[in-house]
Amino acid sequence: LADDGSAFYWNPAGVSQLIRPELFGMYASLFKSLEQHHHIGFTRPIHGGAGVSLNWIRLSVADIPAYPEPVGTYSERRDEARDFFSWQELQSAGLALSSLPYDFSSFKSDAFVLSLAKSYKVDLDFGWQYFVFPTEIPIGLNVKLIRQSLFSQTASGLGFDAGTMFKFGLDDLFDNNRLGKVNLALAVKDMFNTRLTWNTQSRSSGEIKRSWHMGLSYFQPIASINGKLLFAYAWERKYDTIHHFGFEYLYRDRLAIRFGLDDADFTAGIGLQVLIFNFDYAFKGHELGGSHRISTAVRF
C-alpha cells in the first residue's frame with residue numbers, strides 16, 4: 001500500500017507511486033509516553049515514472065538514570081554478596097547500585113534516508129487475440145545513515161533497503177469495470193545486516209538484522225455507497241514471523257475509517273483529506289500501553 005510520504009519506510013518502490021510532491025510528518029507517543037517517535041520527509045515525483053524521497057526519523061527515550069558503578073568486579077561482588085541479607089546491607093557495603101542516580105540522559109536513534117524509485121509499465125501478452133494485459137512493476141532502493149547516542153557514546157552505520165511491487169487490475173484481466181486493483185509487494189530491509197559501531201575504546205558493534213516483508217492488497221470501488229473498500233495483508237520475518245491485517249472504507253476520497261490487527265494487537269484509525277492536506281490518526285494496542293500516531297501531509 002506504500003503510496004504516500006511514508007512509502008520509503010514500508011517499501012521504497014512505493015516512492016515512485018506519488019503523483020504530486022508531498023511533505024509528510026508524523027508523531028507517535030509509544031507505551032504511555034515512554035518513547036517518542038518523530039518523522040518528517042519530502043517526496044517528489046520525477047518525469048518518467050520515477051521518484052526521490054529524503055526523510056529523517058527519530059526514536060527517543062528520555063530520563064534514563066545513571067548510577068555509580070559498584071566497587072570490584074562482578075564475580076567479586078557476587079561472592080561477597082552472599083554474606084548479606086538485605087538491600088540496605090548491600091548498599092552499605094558498596095555492592096549494589098545507589099538508590100539515587102547521579103545523572104540522567106536520553107537515548108536517541110536517528111535515521112537519514114535517501115530513496116530512489118522507478119516504475120515500469122509492462123504489457124503482458126498471453127497470446128490471446130486482441131488482448132494485452134497491462135501491469136506495473138515499481139522498484140526502489142533506500143540508502144540510510146543510522147546514528148544512535150546514549151550518554152556520551154555514539155554509534156553509526158550505513159544500511160540499505162530494497163523493494164518491488166507487481167500491480168494489476170482485475171478489471172483489465174476479466175474485462176469487468178466493477179472489479180478492482182491488486183498489488184503484490186516484496187521488500188527486504190537492512191539487506192546486509194546493518195552494522196552499528198560505537199565510539200567506545202573497544203569499538204564494540206551490533207547489527208540490525210535483515211528482515212523480509214511480503215504483502216498483498218485489494219482495492220474495490222463500490223459505486224452504490226460512494227466509496228471504496230481496501231483489504232491488506234502483510235507478512236514480516238525478522239526474529240519471529242508477524243502477520244498484519246488491515247481494512248479500510250474510503251468515502252468519496254475524503255474520509256477513511258480503518259481497522260486491523262498488528263500480529264495480535266488491535267489497531268484502528270481515521271483519515272481526512274481537506275484540499276491539499278491529509279490528516280491521519282492511528283491507535284495500536286500493546287501490553288505495555290497503547291500507542292497513538294498522528295500524521296499530516298501536504299500535497300503540492
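Student: In which strand is the place of Thr43?

Tutor: This is a predicted model, and in it Thr43 belongs to strand β2, which covers residues 35-46.

Student: Is Thr43 buried or exposed?

Tutor: A residue counts as buried when its relative accessible area is under 20%. Thr43 has a value of 2%, so Thr43 is buried.

Student: Which residues does Thr43 touch, not counting residues up to four places away in sequence?

Tutor: Thr43 touches Gly5, Val15, Leu18, Arg20, Pro21, Glu22, Val52 and Ser53. With Ser53 there is also a polar contact, made from side chain to side chain at 2.8 Å.

Student: Where is the place of Ser109?

Tutor: Ser109 lies in strand β4, which spans residues 103-124. The relative accessibility of Ser109 is 17%, and therefore Ser109 counts as buried.

Student: With which side chain does the side chain of Ser109 make a polar contact?

Tutor: The partner is the side chain of Gln148, at 3.4 Å. Gln148 is also one of the residues in contact with Ser109 once neighbours within four places in sequence are left aside; the others are Ile57, Arg58, Leu59 and Arg147.

Student: How many helices and strands does the chain have?

Tutor: The chain has four helices and 16 strands. Of its 300 residues, 34% count as buried. Among contacts with a separation of 6 or more, 49% come from residues 24 or more positions apart.

Student: What does the accessible surface of the chain come to?

Tutor: The total is about 18,000 Å², and carbon and sulfur atoms account for 62% of that surface.

Conventions:
Residues numbered from 1 in each chain as written. Predicted model: local features only at pLDDT ≥ 70, side-chain atom pairs only at ≥ 80, totals over all residues. Heavy atoms only, no water. Helix = DSSP H or I, 4+ residues; strand = E, 2+ residues; numbered from the N terminus. Buried < 20%, exposed > 50% of the residue type's maximum accessible area, 1.4 Å probe, protein only. Contact = heavy atoms within 4.5 Å. Areas by Shrake-Rupley, 256 points an atom, 1.4 Å probe, with all protein chains shown as cover. Polar contact = N/O pair within 3.5 Å; in protein donor to acceptor, adjacent residues only side chain to side chain.
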